[in-house]
Amino acid sequence: MKISTRRLDKTTIFDLSGDIDFVNSPEVRQSVLREIREAHTPRLVLNLRQVHYIDSSGVASLIEGLKASRDLGSRFILIGLSMSAREVLQLSRLLKVFEIYENEEQALAS
Amino acid sequence: MLALYSSPGLLSVVRGTVERLTEHLGFPITEARSITRAVDEALTNIVRHSYGNRPDQPITMYFRRARRRRQCEEVESGLEILLCDRGPAVDPSKFRGRPLEEIRPGGLGLYFIRQAMDIVEFSRKSATNRLRLVKYLARPRNAV
């Protein structure tokens, strides 16, 4: 799993690459929560274009990020969902819970 | 048959194997992914709960074609997967997911397994936990 971070004005973008599974989800969770709670980023964007698999622990990490964002009044956005990622969120009935855009441009314009 | 250790790093290897196998057997790609997800979640449960994250414990997976006869002599085929571990006995009553209405982390793995498979059976024999997963191939709508 590779996690790289970019900061654009009031937005932090996490570019994730690899699977978010039982092995990697703690790292994703820790990185996202640190950014939300310590950096107080008003808008956090998770770029999942290079993520081809998310398991239930990965979904749990995304839910934790969403909840932490809501608690602090910031936005938590997902972009670039693969079919597999979209399926797992749909299965969990979370597609309408998350703020989701096709790409970075749409997310930044929102 | 696939014999492996309970190393979390092997999960991605098994996912790749199961996805290719299910595609080879003719499952549509969406079902191939959901079966793969179910097996991955079941293995993760073994690693976490049966073996307490110890990476050197034995897991054996058996794969075979499943067949069942339905009305009018119609035969369905599919895939049967048996996952075996030597961990302590598991209380099947704890095999519960959470209501999807509750938006909170955790409790989704079992739901993914049940949603993906036609049969999910747990048993314990000879100090071995056995999880049997079966998925049948959907017949084409215009098939007679």
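This tour goes through the model stop by stop, saying what to select and what is there.

**Before you start**

This is a predicted model, in which local features need pLDDT of at least 70, side-chain atom pairs count only at pLDDT 80 or more, and totals for chains, interfaces and linings use all residues. Residues are numbered from 1 along each chain as its sequence is written, while chains are lettered from A and ligands numbered from 1 in the order in which they are written.

**Stop 1: chain A as a whole**

Start at the N terminus of chain A and follow the elements: β-β-α-β-α-β-α-β-α. The radius of gyration of chain A is 12 Å, close to the 13 Å from the globule rule for 110 residues, so chain A is as compact as a globular protein of that length. That radius is taken over C-alpha atoms, and the rule is 2.2 Å times the number of residues to the power 0.38. Along the principal axes, the C-alpha atoms of chain A fill a box of roughly 30 × 25 × 25 Å.

Of the 110 residues in chain A, 45% are buried. A residue is buried if 20 or more other C-beta atoms lie within 10 Å of its own, exposed if 12 or fewer, and partly exposed in between; the C-beta atoms are placed from the backbone. Now think about contacts: two residues are in contact if their C-beta atoms, placed from the backbone, lie within 7 Å. Among contacts in chain A with a separation of 6 or more, 73% are between residues 24 or more positions apart.

**Stop 2: the sheet of chain A**

Colour the strands of chain A. They form an open sheet of five strands in the order E1-E2-E3-E4-E5, with mixed pairing. Two strands pair if DSSP finds at least two bridges between them. Which strands of chain A are at the edges? They are E1 (2-8) and E5 (99-101), and each pairs on one side only. From one strand to the next, the twist averages 25°. For such angles, axes are lines fitted to C-alpha atoms, for helices over the stretch in contact, and angles run from 0 to 180 degrees between N-to-C directions.

Zoom in on E4 (residues 75-79) of chain A. Strand E4(A) pairs with E5(A) in the parallel sense, over three bridges. Click A:Ile77: opposite this residue, in E5(A), stands A:Glu99.

**Stop 3: where the chains meet**

Show both chains. In chain A, 18 residues are in contact with 20 residues of chain B. Select H2 (56-72) and H3 (83-91) of chain A: each supplies at least two residues of the side that touches chain B. The largest share of that side, five residues, comes from H2(A). By type, the side of chain A that touches chain B divides into nine nonpolar, three polar and six charged residues. Ala, Val, Leu, Ile, Met, Phe, Trp, Tyr, Cys and Pro count as nonpolar, Asp, Glu, Lys and Arg as charged, and the others, Gly among them, as polar.

**Stop 4: chain B and its sheet**

Select chain B. It has three helices and five strands. From the N terminus they run β-α-α-β-β-α-β-β. Of its 144 residues, 28% count as buried.

The strands of chain B make an open sheet in the order E1-E2-E3-E5-E4, with antiparallel pairing. At its edges stand E1 (2-5) and E4 (119-125) of chain B, each with a single partner strand, so one side of each has no neighbour in the sheet. Seven bridges join E4(B) to E5 (residues 128-136) of chain B. Click B:Glu121: its bridge partner in E5(B) is B:Arg132.

**Stop 5: the nonpolar core**

A nonpolar core is a set of buried Ala, Val, Leu, Ile, Met, Phe, Trp, Tyr and Cys residues joined through C-beta atoms within 7 Å. How many residues does the largest one have? It has 54, and A:Leu48, B:Ala38, B:Val39, B:Ala42 and B:Leu43 have the most contacts inside it. Helix H2 (residues 29-50) of chain B gives the most to this core, eight residues. Select B:Ala38: not counting residues up to four places away in sequence, B:Ala38 touches B:Phe112, B:Ile113, B:Ala116, B:Met117 and B:Leu133.

**Stop 6: two loop residues**

Find B:Asn53 in the loop between H2 and E2 (58-69) of chain B. Its phi is near 70°, a positive value in a residue other than glycine. Is B:Asn53 buried or exposed? It is exposed, with 11 other C-beta atoms within 10 Å.

Finish at B:Ala127, in the loop between E4 and E5 of chain B. The phi of B:Ala127 is also positive, near 60°. B:Ala127 counts as exposed, with 9 C-beta neighbours inside 10 Å.

How values were computed: Helices (H or I, at least four residues) and strands (E, at least two) are DSSP runs, numbered from the N terminus.
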